[in-house]
Structures are given as structure tokens and as C-alpha cells.
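Work through these exercises with the model open beside you. Try each task before you read its solution.

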Amino acid sequence: MEVIVRASADAVADYVHDRIVEQLRGVPSSVLGLPTGGTPVPVYARLVESYRTGVISFKQATTFNLDEYIGLGSEHPASYAAYMRHHLFDHVDCPARRRHIPDGLASDVDAEAAAYDRAIANAGGMGLLLLGLGENAHIGFNEPGSDFASRTRPVDLAASTMAANARYFTDGTRPPTRALSMGIGTILEARSIIVMATGPRKAEAVRRMVREAPTNEVPGSALQLSRDVTVVLDHAASSKLERHLRPPCQQQQAPQ
Ligand code: GLP
């Protein structure tokens, strides 16, 4: 796990943008895994700008989003499908047939989940996966307790997750209690992973993801098992790491 700390949320977005540009310019047919939430919004704004100025194209790219609420159709304003159109897809040239988001209205959610993992495999697997981090250290919608070998599947959302995401349901819709999420096992198969976290509310989740021994109770800690993970943070999100820069094994040594 490489941990990079930048001065501000804008600088974090600059770093992540530059990594995605590098990926797309190196391999235009890249398979990208994409997150939603507030944290990646400035990354998408930068990618749209880079598309407009001819720096990148998504024409040959394939995308797989991490998750979608069960019960929300793609036209619902709080769906992740609507989020992706608003922040990225309406503004770039990624063909609709190569943009994938789980169908929150699927009549058979288990079949939808299995088909999603098959589609990722058929596309050759994800070359670069971008992740945000929940305040309880969830990744995608893999809540505490999720199996590290889990595949894409229907999941129950934690109460704290529903509370954190209630702000997106401004039309009076009750936030869904379930979602379809890429599994942790699916996530770990991505060849390269970037996790971004900004702001003081993420500091404890970041500390647990980076410093605790991998445990199901901290879904983000599974990323320690991946060969290529970069964690990029602003100062606020890294604030609980800075006093503990040595590995945990050294911290535990008794003074000589
Ligand atoms: C949601 C998404 C996650 C995202 C998390 C953090 O729960 N399912 O993929 O990482 O929110 O969101 P934010 O960036 O708004 O803090």
C-alpha cells in the first residue's frame, strides 16, 4: 500500500485525474472501475475538461461502476446511474454499450450480480479501479463484516451509511436499504487500485484501513492484500496516520 498525502482535496483530485489520464493515454481500451459519492466529483470534472481539450478520449474505454441502490431505476435522480451521467457520461465519448452499472431494478438481483462479475471477466478484468471510502471504511457498498472473497452481490446497507447518504435524497424518497455492490474479491482482482479520501470525517476510516491488520470489520483493510494499491489523502484525512508512520510491528516493540 503506497500512501500519498497531498495538501488539499483539489491536489488529491489532480493526482487521481493525472493517473487516469496516464492510464487512458497508455491503454485507450482500458477497463476502468469507477466510484460515486462526493469525493470523486472533482476528479470527474477534471476528466471532462481533459476530454474537452482533447487530452483524453473514452471512445475505446470500458467502465464498471462499483454499485447501485436496489429499487432505484437509472432515471431516479439519486441513482448512481444518474450520478454518472451527470458528472461524466453526458460529457465524454464513452459508448453507452461499454458503460456498466448494476441494474437496481433487476427482477433477479442475484442473477444480475453474477452477470456483472461475468461481464467484468469477459472485458478482461479491471485495469484501474478508483475507490472512495465510507466513514465506516466500506468500499463500494461492502459494509463491515463483508467477506474478503465476496463477489458482486445484493447487500444490506449499514444504518450509518444510509444516514451519510441521506443528503442525496432531496425529493423525499426514503434512502434504499439495499444495494448491488461489487464484492471485495471482485475489487481485489483489479490490476491497479487507487483509493481517495478527503476531509476529517474519513481520518479514522483511513487509519483503520492502513494501520489495522486486515479484518472483515474494516472492509478497506482488505486492500492491504492487493499488490498495487495507492491511497491518496489530503492532510485532514491523513491526520490520524501522521503520528504513526512506522509499521504496527515496530510500534508494538517494547522500549530497549
Ligand atoms: C457511498 C458509495 C461508496 C463511496 C462512499 C463515500 O456509500 N457506495 O462507493 O466511496 O459513499 O462517499 P463520499 O465520497 O460521498 O464520502
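**Exercise 1. Is Ala114 buried, partly exposed or exposed?**

Solution. Start with the cut-offs: buried means under 20% relative accessible area, exposed means over 50%, and partly exposed lies in between (1.4 Å probe, protein chains only). Ala114 has 35% relative accessibility, so it counts as partly exposed. Now place the residue. Ala114 sits in helix α4 (residues 109-122). Helices here are DSSP runs of H or I with at least four residues, strands are runs of E with at least two, and both are numbered from the N terminus. Last, find His100. It is 14 residues from Ala114 in sequence and 13 Å away in space, C-alpha to C-alpha.

Before going on, note that this is a predicted model: local features need pLDDT of at least 70, side-chain atom pairs count only at pLDDT 80 or more, and totals for chains, interfaces and linings use all residues. Residues are numbered from 1 along each chain as its sequence is written, and side-chain values use heavy atoms, with hydrogens and water left out.

**Exercise 2. Which residues of strand β2 are on each side, and are they buried or exposed?**

Solution. Begin with a general rule. In a regular strand the side chains alternate between the two faces of the sheet. Now apply it to β2 (residues 31-34). Val31 and Gly33 are on one side, Leu32 and Leu34 on the other. All four are buried, and both faces of β2 are covered. Take Val31 in detail: its relative accessible area is 8%, so it is buried. Val31 and Ile120 are 89 residues apart in sequence, yet 8.5 Å apart in space, C-alpha to C-alpha.

**Exercise 3. Which strands does β2 pair with, and in what sense?**

Solution. Two strands pair if DSSP finds at least two bridges between them. Step one: strand β3 (residues 62-65) is joined to β2 by 4 bridges, and the two run parallel. Leu34 has Asn65 in β3 as its bridge partner. Step two: strand β6 (residues 128-131) pairs with β2 over 2 bridges, also in the parallel sense. Here Leu32 stands opposite Leu128. Step three: follow the chain between β2 and β3. With helix α2 (residues 41-52), these strands make a right-handed β-α-β unit. Right-handed means that, with the strands pointing away from the viewer, the path from the first strand over the helix to the second runs clockwise.

**Exercise 4. What is the strand order in the open sheet of 7 strands?**

Solution. The order is β1-β10-β9-β6-β2-β3-β5, with parallel pairing. At the edges are β1 (2-6) and β5 (99-100), each pairing on one side only. Check one further pair: β6 joins strand β9 (residues 193-197) in the parallel sense over 3 bridges. Leu131 has Val195 in β9 as its bridge partner.

**Exercise 5. Why does one side of β4 and of β7 lack a neighbour in the sheet?**

Solution. First write the order of this open sheet of 3 strands: β4-β8-β7, with antiparallel pairing. β4 (67-69) and β7 (153-156) stand at the edges with a single partner strand each, so one side of each has no neighbour in the sheet. Then check the pairing. β7 and strand β8 (residues 178-181) are antiparallel and joined by 4 bridges. Asp156 has Arg178 in β8 as its bridge partner.

**Exercise 6. Which residues line the largest cavity?**

Solution. A cavity is a set of points, on a 1 Å grid over the protein atoms alone, where a 1.4 Å probe fits but cannot get out; lining residues have an atom within 4 Å of a point. The lining is Ile20, Leu32, Gly33, Leu34, Leu128, Leu129 and Leu130.

Key. On a 1 Å grid over the protein atoms alone, a cavity is a set of points where a 1.4 Å probe fits but cannot get out, and a pocket is an open set with protein on both sides within 12 Å along at least five of seven lines; lining residues have an atom within 4 Å of a point.
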